Protein chains: 2
Amino acid sequence: MKIAIQGIESSFHDMATRLLFPDTEIELIMCDTFEKVTECIENMSADFGVLAIENTIAGSILPNYNLIDASGLVIYDEVFLNIQMFIMALGGQTIYDIDEVHSHPVALLQCKDYLRKLPPQLKIIEGKDTASEAKKIKEGNLKGVAAIAGKQVAERFGLEILDSNIQNEKDNQTRFVLIGKEAIAPAENANKATLKFELSHSLGSLSNTLQMFTTFNINLTKIQSLPIVGKPWQYAFFVDVMFDDYQLFTEVTKVLKKAVSELKILGVYKHNVENTPSQLIQVLENGK
Amino acid sequence: MKIAIQGIESSFHDMATRLLFPDTEIELIMCDTFEKVTECIENMSADFGVLAIENTIAGSILPNYNLIDASGLVIYDEVFLNIQMFIMALGGQTIYDIDEVHSHPVALLQCKDYLRKLPPQLKIIEGKDTASEAKKIKEGNLKGVAAIAGKQVAERFGLEILDSNIQNEKDNQTRFVLIGKEAIAPAENANKATLKFELSHSLGSLSNTLQMFTTFNINLTKIQSLPIVGKPWQYAFFVDVMFDDYQLFTEVTKVLKKAVSELKILGVYKHNVENTPSQLIQVLENGK
């Protein structure tokens, strides 16, 4: 099975993919950007994709909502990863031998307090992603250079960890979604959905819409407004909801379609804080 | 008056500052990052700051909401800028002489369709910000290198425009806010506010809160949920509202404080699509 991710092997996206498919042989399609991930699914050079969608510190990755929406892709599943950062370098060095630290800008930001304590002459260099910077150190045999990345990256590329859990906030989780091209019937235990809708400018239209959910015991867990491109200062709303009764949920969305300008269901899936493997393969096989 | 911005003279932040204070002598405190802008205000090396907060294509700049909130700063005013991108280089060259294009990653992204049509051997290089890249070309007398930036940057650094309005979406506006340290009484014509609140997990709490606004003719224009750091998967809500009656608005917020976990008014100001100059200086002088 071909899965498109942003980044390379041992990256956090790779980790998330393994959590979703622990027993499946995966060929990673490694992409430079999130946009290329959705392109790979659209042009079928990948079967599915795994995409970070929000983080407990940075919040929503808004462009990725737009990518899923614009490419007409579907969310099948979610998975959560505890992101811990490690600083790593070639063996036989200590933190005092390091002149340069490379990583993805977001990772550098998350480790700001740690980096501030290092000598001021140490250069902080923004790179493409966490794992690639570590790979470069190994392949180029670069002494005096460290990378900030996940523990698994040090293991994958044989680097030595100089310091552990160096990010400012010890609780740092990222939510990833599994996306693909074809709509499928949701799993039997599905209890969560991601919706997008647009509203007229009339006063109270958002609160009326949300009240519909409340009336039918559909719990809103998250809301983002994103600009509608081509309609300045008008917003589309992306919401995550949880429900007990899928039948009732579909009936409510049917009615809701009449009240909002556009309602799109981006995905119906199981709320998955336990990180249980995806049932997508079984669902697809049963459907055949 | 010292105003902190991200970027250098002639940048879009500089333009936004001039719109707010057309008749005031401004000393720009030029910062590398948005974070340094808020730090400059906190440590009083700048009187105020101007900060981009959302864009009609990319949406909210979520980290800047967190920066304003975390640093306890206040929003005094807003201003809107039409962002048009131009590709520029040293004089006497055409687009066919260019081997490298430099700009801020977001500007490059906004001009993706244009860049795709250029010869594939042309290198696209991500730089610090739009204006700085142009400045480097001028100062280094770099032939064969172009920058993507606003028109005013070409004028400021004496570069020649090779192509105009090259961004994908012709309507590309950014909203900026004027921020500072001290709470002041809002201007008499204030009709907009930015609020932050946190909610319990109980079903319907968001729709009930928004319904309060609807009941009192307070129109919600924008809503974002941002993670509460240290409370995984719990969200704070940042909303923009508009009202006709400031007195009623303050009474509603007083009541609302009893219904939500935390309510903070980040700013009360005039909705300013006309880009009228800020009255802040007059307000401060009257207050003395």
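Which side chains meet in a salt bridge at 2.4 Å, N to O? In this predicted model, the side chains of K112(B) and E35(A) form that salt bridge, with a separation of 2.4 Å from N to O, and the count of salt bridges between chain B and chain A is four. The side of chain B that touches chain A draws its largest share, nine residues, from strand β13 (residues 219–228) of chain B, and by class this side has 17 nonpolar, 19 polar and nine charged residues.

The interface between chain B and chain A can be set out as follows.

| Quantity | Value |
|---|---|
| Residues from chain B in the contact | 45 residues |
| Residues from chain A in the contact | 44 residues |
| Area buried between the chains | about 3500 Å² |
| Part of that area given by carbon and sulfur atoms | 58% |
| Residue pairs in polar contact, both at pLDDT 80 or more | twelve residue pairs |

Within chain B, helix α6 (residues 130–139) holds the buried residues T130(B), A131(B), S132(B), E133(B), A134(B) and I137(B), and the elements of chain B that cover them include α1 (12–20), β6 (86–89), β7 (100–103), α4 (105–110), β9 (145–149) and α7 (151–157). At the start of α6(B), a side-chain oxygen of D129(B) comes to within 3.1 Å of the backbone nitrogen of A131(B), while just after this helix N141(B) adopts a positive phi of about 50°.

For chain A, an unreviewed UniProt entry carries the annotation "domain: Prephenate dehydratase" over residues 2–181; in the model this span is 31% helix and 32% strand, and its end C-alpha atoms lie 13 Å apart.

Note on methods. Residues are numbered from 1 along each chain as its sequence is written. Chains are lettered from A and ligands numbered from 1 in the order in which they are written. This is a predicted model: local features need pLDDT of at least 70, side-chain atom pairs count only at pLDDT 80 or more; totals for chains, interfaces and linings use all residues. Side-chain values use heavy atoms; hydrogens and water are left out. Contact means heavy atoms within 4.5 Å. Buried area is the accessible area (1.4 Å probe) that two parts lose on being put together, summed over both. A polar contact is a pair of N or O atoms within 3.5 Å; within protein, one must be able to donate a hydrogen and the other to accept it, and residues adjacent in sequence count only if both atoms are side-chain atoms. Helices (H or I, at least four residues) and strands (E, at least two) are DSSP runs, numbered from the N terminus. Ala, Val, Leu, Ile, Met, Phe, Trp, Tyr, Cys and Pro count as nonpolar, Asp, Glu, Lys and Arg as charged, and the others, Gly among them, as polar. UniProt positions are given in the numbering used here, feature names are shortened, and annotations may be inferred rather than shown by experiment. Buried means under 20% relative accessible area, exposed over 50%, partly exposed in between (1.4 Å probe, protein chains only).
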